[in-house]
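Thank you for making time this morning.

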Amino acid sequence: MIQTFRGIFRDNWVWRSQILRLAVTELQKQIRGAALGWIWLIVTPSVYVFVFWFALKLGLKEASSADEIPFIVWLTVGLVPWFFMSSMLTTGSNVYTRYSFLVNRMRFPIPVISSFFGVAEFLIFLISQIVVFIVIILSKVPFTIYALQLPVLAILMYFFWVVWSMLTSPLSAISRDFHNLIKALATPLFWLSGIIFDVGNIEITWLQVVMAFNPITFFVTSFRASLCDTYWVWDKPQLLLPFLGVFLVMFILAVSVQHRLGPEVPDVL
Amino acid sequence: MSSKATIIQTNDSTNPIAVRFAHVTKTYRLYKSDRQRLLSAVWPKTKYEKVEANNDLSFTIKRGESVAFLGSNGAGKSTALKITTGVCTPNSGTVEVHGRISALLDLSVGFDQLLTGRENLILRGHLWGLSTSEINEIMPEILDFAEVGQYIDQPMRTYSTGMRTRLGFAFASSLKPDILILDEVLAVGDRRFSAKSLARMQDIINGDNVTMLFVTHSLDQAAKFCKRAIVIDHGRLLFDGPIDEGIEYYSKDSSS
């Protein structure tokens, strides 16, 4: 297992230039066929932000966790990372089927497929981050020093979901049921993870504790900490520590799955 | 499946040994149903049927040799080539490969169906380790050989099987690999393309130190290119020796 662990790092290093190239190719594939191409990467999240703002603010009179921050800013800051997480959650959990030609037609280390797919989705996330900054600037919300933790959180988010993809993709390749299960869970997770409501408003203490172990909640909350609620994530151990625990467990599981099922993947695709 | 196999893979093209199999066994697991397969992911003791695709297979292929793999469908030839390429992992035994491999497995070198032919060539070129200028250098030769015409800028999914194979063969054979693996390439494509491919394969064999592993059902082709034959049946090595004896052995074996 230690060998598998080291192998994952070595392969990602050896193939680093190809990771970038494959990520760009993945982007080209996603944009292909649309005359407006890149514009859709901005338009799609904007439409979602508008729809949720309309339903929640105008319809349900929902408010943001920070009083002085307009709801639209609070909503956008949490919603945009969700788009990245949602792609990684569903498509990212089945990358071997998507890239079967890399798995069973040539010699290619399969954990690297998760890495470059993650890079492609991450680039889309960075582009859609423009929407966030436009909304913030238009709402005249000031950037504070706490915004400096954003790059760290973004990179942490990338690594977390790449590890997620390394954990789940072999399982999805071996059984379609597994991928169907994840797809079925994606929408419930959106509603349960505090993306469109403030988890802090839940008044049941034990439920708050359970929610702290949800990585989606962690990322949404910490992005809002950087731009809306203005505090350092590491100042709130009840937020950070459960996440780090989940990350560690998932990492060990991912290495174990790659070790045990990795060699079997080319046989079943 | 934690494999106990040893795999030695280097890019050392001066090593006199190109490919060596020592007691290589590859077992495929067949589950009764999808439910059983799902169960196996969480419960390793789930029952399955074993199929020995390669069973205690041993052979050594020296640098510059051309070897034909003969055997009926499902004998384990393709599995042996996949193991050599590094696509699949054996369950036990030692596999040694020295030199860079270019392989055409199941009639494809691994193209993305959504990308155009040209994008695929560029991507695969980079994955092989070529720089952009090196790719531009071999591109005209590939295009000229593959004869896909204007389709080169169309998505691969619009290609016919023949076009796909032509482009794949043109690409795989243009890379100047140390080891070229061809699995049933010439079974498709029209007569003219076959003749062209045969000529190119002859060129490659005549050239320097390229090792070729070749699966075919055409004994004429095998005899034309290879001096040595390996006959496999049910994953086991039945014969390893000069091509004419190998063909004789195989013809006798398959007719009886």
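What is the mean pLDDT of chain A, and what share of its residues reach 70 or more? This is a predicted model, in which local features need pLDDT of at least 70, side-chain atom pairs count only at pLDDT 80 or more, and totals for chains, interfaces and linings use all residues. Residues are numbered from 1 along each chain as its sequence is written, while chains are lettered from A and ligands numbered from 1 in the order in which they are written. For chain A the mean pLDDT (the predictor's confidence in each residue, from 0 to 100) is 88, and 97% of its residues reach 70 or more.

Let me turn to chain B, where four strands form an open sheet in the order 1-5-2-3, with mixed pairing; helices (H or I, at least four residues) and strands (E, at least two) are DSSP runs, numbered from the N terminus, and two strands pair if DSSP finds at least two bridges between them. Strand 1 (6–10) and strand 3 (49–62) of chain B each have a single partner strand, so one side of each is left without a neighbour in the sheet. Strand 1 of chain B pairs with strand 5 (residues 92–98) of chain B in the parallel sense over five bridges, and I8(B) has E96(B), in strand 5 of chain B, as its bridge partner.

Finally, the contact between the chains takes 22 residues from chain A and 24 residues from chain B, where two residues are in contact if their C-beta atoms, placed from the backbone, lie within 7 Å. On the side of chain B that touches chain A, helix 1 of chain B gives the largest share, four residues.
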